[in-house]
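Please read them with the structure open beside you.

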Amino acid sequence: MTKPKSLELPTGAQLVYIAEGGANVIYRIVPPANSTRNSALGSALPTPNQTLPAQLKGRLLRLRKDTPAGVSYQEISRNFDKNIRPLFKPEELVDQELVCLPKGLAQRCNEQLRAAEITGKRPKQRQGLYLSVAEPFGLLVTDMTSFGNPGTDLAELKPKWLLQSPSAPSGARKCRTCALRDTKNYDARRSGATETRSFCPLDLVSDKFEHVLRAAKTVKGYKDSTRLARVLYRNSTLLKLQAHQKNMRDVGLYGPSPQSLDQSIAMTIRDCTMYIKMPRNETGRVEIRLGDLDLKTAGGGKAQYWLDVEHRLISEGWYMCAKANTQPCDCALQYPRGQPPPSM
């Protein structure tokens with residue numbers, strides 16, 4: 001069967017900068033007929049009634065930065081289609097699709113990023129790294145913002161490890177995520193950096209609503225923790241993610257080689273993001289999708305990092321709360337059996 005030809009971004013389409021991470025920049029696509037400016041940062045957003053081709057509606061454009069360990073979008077797309085897409089229903093995923101870029105688009109965007117650095121509009125921690133001019137594709141991804149729908153609130157969280165690491169010591173008092181957070185906060189205190197606090201992932205999949213509510217109270221950017229907890233409680237997508245983690249539990253110090261595909265998939269589904277769109281009208285449909293599911297390869301020292309983290313958590317006693325200066329922990333493994341977690 002011949003694979004369909006890739007989509008092409010319309011010539012003259014304008015882009016509006018939304019955000020960026022370490023490896024990608026995200027843009028909104030503006031219809032060329034109704035746009036007079038092409039500004040990567042700081043331009044006014046188009047009005048919702050402007051029209052786009054059907055295949056671009058409800059989507060954002062992701063462009064790849066020129067990073068040392070950069071993976072081509074063709075490979076990212078191929079891995080997603082083969083290894084991630086079969087694990088979930090289409091409506092459970094932030095979808096992605098290759099799109100051919102017009103010639104010179106990356107160069108123009110880079111010029112705008114440099115101009116934004118001069119005016120202070122680009123985040124300082126992202127300055128100096130620009131888009132790859134050798135990457136012929138972008139990725140169209142599901143728009144999980146509230147653009148065009150001001151009556152919608154957004155929440156996002158990282159479920160992380162919804163099961164304990166299989167190489168954690170017997171009787172561990174902290175799950176893998178909480179133990180790792182403690183190590184990072186310990187390092188932060190020693191260097192004078194800011195510490196972080198977040199939920200225990202085991203609470204997210206608890207069958208006790210009060211545990212899920214405790215997790216919801218520490219999700220940043222969303223104030224109605226009770227409603228969020230109702231959405232998350234026994235949520236089918238979240239439970240499916242946990243089930244896949246359970247099926248792919250040969251992680252930590254055991255299982256296949258860190259360089260193997262199985263290990264890469266297992267670590268990928270332990271580092272994704274859950275995006276939640278909730279209409280303020282509680283009778284409206286809630287949309288929940290998983291994103292940030294690029295395959296986590298073992299290259300660039302990542303495999304050794306996974307092993308080093310696990311060795312440190314075990315050898316330094318982080319799983320067992322052995323550090324004398326460990327901060328109070330909200331890990332589900334420390335709650336007295338049969339009792340709800342302490343209140344915030």
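1. A residue is called buried when its relative accessible area is under 20%, exposed when that area is over 50%, and partly exposed in between, with a 1.4 Å probe and protein chains only. By this criterion, buried residues make up 49% of the 344 residues in the chain. The model is a predicted one, in which local features need pLDDT of at least 70 and side-chain atom pairs count only at pLDDT 80 or more, while totals for chains, interfaces and linings use all residues. Residues are numbered from 1 along each chain as its sequence is written, and side-chain values use heavy atoms, with hydrogens and water left out.

2. On the overall architecture, the chain holds nine helices and nine strands, where helices (H or I, at least four residues) and strands (E, at least two) are DSSP runs numbered from the N terminus. Taking contact to mean heavy atoms within 4.5 Å, residues 24 or more positions apart account for 71% of the contacts with a separation of 6 or more.

3. The pair formed by helix α3 (residues 176-191) and helix α9 (residues 302-315) deserves a look, as their axes come within 10 Å and cross at roughly 85 degrees. Axes here are lines fitted to C-alpha atoms, for helices over the stretch in contact, and angles run from 0 to 180 degrees between N-to-C directions. Angles under 35 degrees count as roughly parallel, over 145 as roughly antiparallel, 65 to 115 as roughly perpendicular and the rest as oblique, and α3 and α9 are therefore roughly perpendicular to each other. From α3, Arg 176, Ala 179, Leu 180, Thr 183, Tyr 186 and Asp 187 take part, and they meet Val 309, Glu 310, Arg 312 and Leu 313 of α9. The residues of this contact divide into five nonpolar, one polar and four charged, with Ala, Val, Leu, Ile, Met, Phe, Trp, Tyr, Cys and Pro counted as nonpolar, Asp, Glu, Lys and Arg as charged, and the others, Gly among them, as polar.

4. Turning to the pockets, the search runs on a 1 Å grid over the protein atoms alone, and a pocket is an open set of points with protein on both sides within 12 Å along at least five of seven lines, its lining residues having an atom within 4 Å of a point. Grid points are joined across faces, edges and corners, and a volume is the space filled by probe spheres set on the points. The largest pocket holds about 1600 Å³, and of the 47 residues that line it, Ala 23, Asn 24, Arg 62, Asp 292 and Asp 294 are the closest to its centre. Elements giving two or more residues to this lining include β2 (14-20), β3 (24-30) and β4 (59-64), while α1 gives the most, with four residues. The lining divides into 21 nonpolar, 13 polar and 13 charged residues.

5. The second largest pocket holds about 770 Å³ and is lined by 26 residues, of which Lys 158, Lys 160, Thr 177, Lys 184 and Asp 271 lie nearest its centre. Each of β7, α3 and α9 supplies at least two lining residues, and the largest share, five residues, comes from α3. This lining comprises eight nonpolar, five polar and 13 charged residues.

6. Most residues other than glycine have a negative phi. Lys 160, however, has a positive phi of about 55 degrees; this residue sits in the loop between β7 and α3 and is partly exposed, at a relative accessible area of 27%. Arg 234 likewise has a positive phi, near 55 degrees, in the loop between α6 (225-232) and α7, and is partly exposed at 37%.

7. Which residues does Met 274 contact, leaving aside its neighbours within four places in sequence? The list includes Ala 155, Glu 156, Leu 157, Pro 159, Leu 232, Asn 235, Ile 288 and Leu 290. Met 274 belongs to strand β8 and is buried, with a relative accessible area of 0%.

8. Gln 96, in strand β5 (residues 96-100), counts as buried at 7% relative accessibility. Beyond its neighbours within four places in sequence, its contacts include Arg 62, Phe 80, Leu 140 and Asp 294.

Technical notes: On a 1 Å grid over the protein atoms alone, a cavity is a set of points where a 1.4 Å probe fits but cannot get out, and a pocket is an open set with protein on both sides within 12 Å along at least five of seven lines; lining residues have an atom within 4 Å of a point.
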